[in-house]
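Subject: Structure handover

Hi,

Here is the structure I promised to pass on.

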Amino acid sequence: MASAAPTTPGKDFRDVDYRAAPAQLKYIKRGFEVLLAYVPHLVALPLAAMGLLELLNLWNNGELHKLWSVASQTELTFDLVTVVACTTVFALASLAYFLLQVRPVYMVDFSVYRAPDSWTATYTRFMNGSRNCKRFNQESLEFQEKILARSGLGQNTYLPPAVQCTPPCPSITKAREEFEDVMYTTIQDLLDKTGIQAKQIGILVVNCSLFNPTPSLASMVINKFKMRSNVVSYNLAGMGCGSSPVSIDLARQMLQLYPSTYALVLSTENITQNWYFGNDRSMLMPNCLFRVGGAAMLLSNRRRDYFKSKYQLLHTVRTHLGANDAAYQCIYQTEDEDGTVGVRLNKELMSVAGEALKVNVTTLGPLVLPLSEQIIFITNLMLRKVFKMKLKSYIPDFKTAFDHVCIHTGGRAVIDEIERQLKLTSSMVEPSRATLFRYGNTSSSSIWYVLSYIESQSGVKRGDRIWQMGFGSGFKCNSAVWKSLKNNKSKHHAWDGFEVNEMREHLASLPNHHRARKEA
């Protein structure tokens, strides 16, 4: 589980404005190091082109024929040396280009899970379940009711049956059943949409933070869908809500090693075994926000899949602040004073999230921002650092780099503050608010619900760039950048019957809503 608003006094996300502090050079350098990795390709191409053009020019002028005649009768001339040199440069540059070439990573399609109506967790059903389980004192019940009313969640989120029954019956068996229902359904939907057989998949990456049985979740999937014996599988655990971009990045790296391969990436979180039945406020917040969800993504490095794929992966940027003790401990699974296991969110969480966001976007900037924004940013940085001029730090406009933004739905305050700090438009963040309202915090899969909302409502145009960002325990802030390969406007089943006006009216009625703060 990952970022949600802290319950103990401390810095609020609003107090941690990454724009206020100047960007550190090491993070800017990190972004440019990634950018410079493409330099060999950019150098090899013009060198090869120059050598080829020179050879063609000599051929058209008849010089090659003359050189052959001269070389056969006399000593080597300067022109012959030129021919040999050009040929060598062309051959070496071409060889270097193909050896250093990065395989493209396409996303053929993706699917998100929609639970059956019997799993619906209305406010009333949620609170009745909390009261009837007889595990919470009155103060905790009032706290949960207060948080739920202000959370930004609607009346149609989902919780698994083992949590909602009376009395609750969490167990490994019930947790397995939740995973099977969520992910098997989603995988089958994805395979049906793409027409790909499970045995064609060569790489499998599964991320689930808090439920990791033996055999692993990856093994469960392999067994269910009878995948081939040499499938390369990975099971990522304990990485929180920011782990989907990590899984995508791992799949990307594997697709560079295995040619002509499909990779299946699965992102989910398990609620059944991780419901907190104690009275520590710092551990009660996840109960109010986290809900059932899951997503499956099919990636490919086969160039012939370009025409049937929806998106191409451009960049992944991962930021990990685990070396800092406060960052490492801000989301921590442990026991409370009564020995009840839960996930504690401490007072440093939001300040750590702000710092992680600053580092991540500073590294991402050189990769995605247009040249004009980078020139202004670097000029401002040089004037302040080299010439010691007292200028305000320039914050690049990320709206010039992206057409759509998929923010992890960690909570209403998180979405509002990212909107403010990155100066995003309300239309760019509405998909994230809609996801929080309809599905709650589905952990790592939330960014895929956001993208499915965009495809279902407004659609994604060919050439649009999408930025997915996730926050998670550790502490991590991870980004994935995609480019749309075609016009993608398809209605996902997850959003059938969704009333956007109902969501807008609900958010507008909430106390301390971000628009109310702006007017104040």
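This is a predicted model: local features need pLDDT of at least 70, side-chain atom pairs count only at pLDDT 80 or more; totals for chains, interfaces and linings use all residues.

Before anything else, a word on naming: helices (H or I, at least four residues) and strands (E, at least two) are DSSP runs, numbered from the N terminus.

Is Arg302 buried or exposed? With a relative accessible area of 16%, Arg302 is buried, because buried means under 20%. Leaving aside residues up to four places away in sequence, Arg302 touches Tyr106, Ser260, Thr261, Tyr262 and Lys308.

Now the chain as a whole. The secondary structure comes to 19 helices and eleven strands. The chain has 520 residues, and 54% of them count as buried. Among contacts with a separation of 6 or more, 82% are accounted for by residues 24 or more positions apart. As for the accessible surface, the total is about 23200 Å², and carbon and sulfur atoms hold 55% of that.

Take α8 (residues 172–194) and α9 (residues 217–225) to begin with. Their axes come within 11 Å and cross at roughly 55°, and α8 and α9 are therefore oblique to each other. The crossing is right-handed. On the α8 side you'll find Arg176, Phe179, Glu180, Tyr184, Ile187, Gln188 and Leu191, and these meet Leu217, Met220, Val221, Lys224 and Phe225 in α9. Sorted by class, this contact of α8 with α9 has eight nonpolar, one polar and three charged residues.

Next come α6 (residues 138–150) and α11 (residues 281–289), which pack at an angle of about 45° with their axes 10 Å apart. That angle makes α6 and α11 oblique to each other, and their crossing is right-handed. From α6, the contact draws on Glu139, Ser140, Phe143, Gln144, Ile147 and Leu148, while α11 brings in Arg281, Leu284, Met285, Asn287 and Cys288. The residues of the contact of α6 with α11 split into six nonpolar, three polar and two charged.

The remaining pair is α16 (residues 426–439) with α18 (residues 500–509). How do their axes cross? They cross at roughly 90° and come within 10 Å, which makes α16 roughly perpendicular to α18. Here Glu430, Arg433, Ala434 and Phe437 in α16 meet Val500, Glu502, Met503, Arg504, His506 and Leu507 in α18. In the contact of α16 with α18, five residues are nonpolar, one is polar and four are charged.

Another helix to look at is α15 (residues 412–421). It is mostly covered, with eight of its ten residues buried.

As background, most residues other than glycine have a negative phi, and most peptide bonds are trans. Here is what I noted against that.

- Lys423 follows α15 and sits in the loop between α15 and α16. Lys423 is not a glycine, yet has a positive phi of about 55°. With a relative accessible area of 46%, Lys423 is partly exposed.
- Ser443 is in the loop between α16 and α17 (446–457). Ser443 also has a positive phi, about 60°, although it is not a glycine. What about its burial? At 1% relative accessibility, Ser443 counts as buried.
- Thr214 and Pro215 are joined by a cis peptide bond, with omega about 0°. Pro215 lies in the loop between β2 (201–207) and α9, and α9 is the helix that crosses α8 at roughly 55°.
- Gly474 to Phe475 is a cis peptide bond as well, with omega near 10°. You'll find Phe475 in the loop between β10 (465–472) and β11 (476–484).

Cheers

Conventions: Residues are numbered from 1 along each chain as its sequence is written. Side-chain values use heavy atoms; hydrogens and water are left out. Axes are lines fitted to C-alpha atoms, for helices over the stretch in contact, and angles run from 0 to 180 degrees between N-to-C directions. Angles under 35 degrees count as roughly parallel, over 145 as roughly antiparallel, 65 to 115 as roughly perpendicular and the rest as oblique. A crossing is left-handed if the near helix is turned anticlockwise from the far one by less than a right angle, and right-handed if clockwise. Contact means heavy atoms within 4.5 Å. Ala, Val, Leu, Ile, Met, Phe, Trp, Tyr, Cys and Pro count as nonpolar, Asp, Glu, Lys and Arg as charged, and the others, Gly among them, as polar. Buried means under 20% relative accessible area, exposed over 50%, partly exposed in between (1.4 Å probe, protein chains only). Accessible areas come from the Shrake-Rupley method with a 1.4 Å probe; for residues, only the protein chains shown count as cover.
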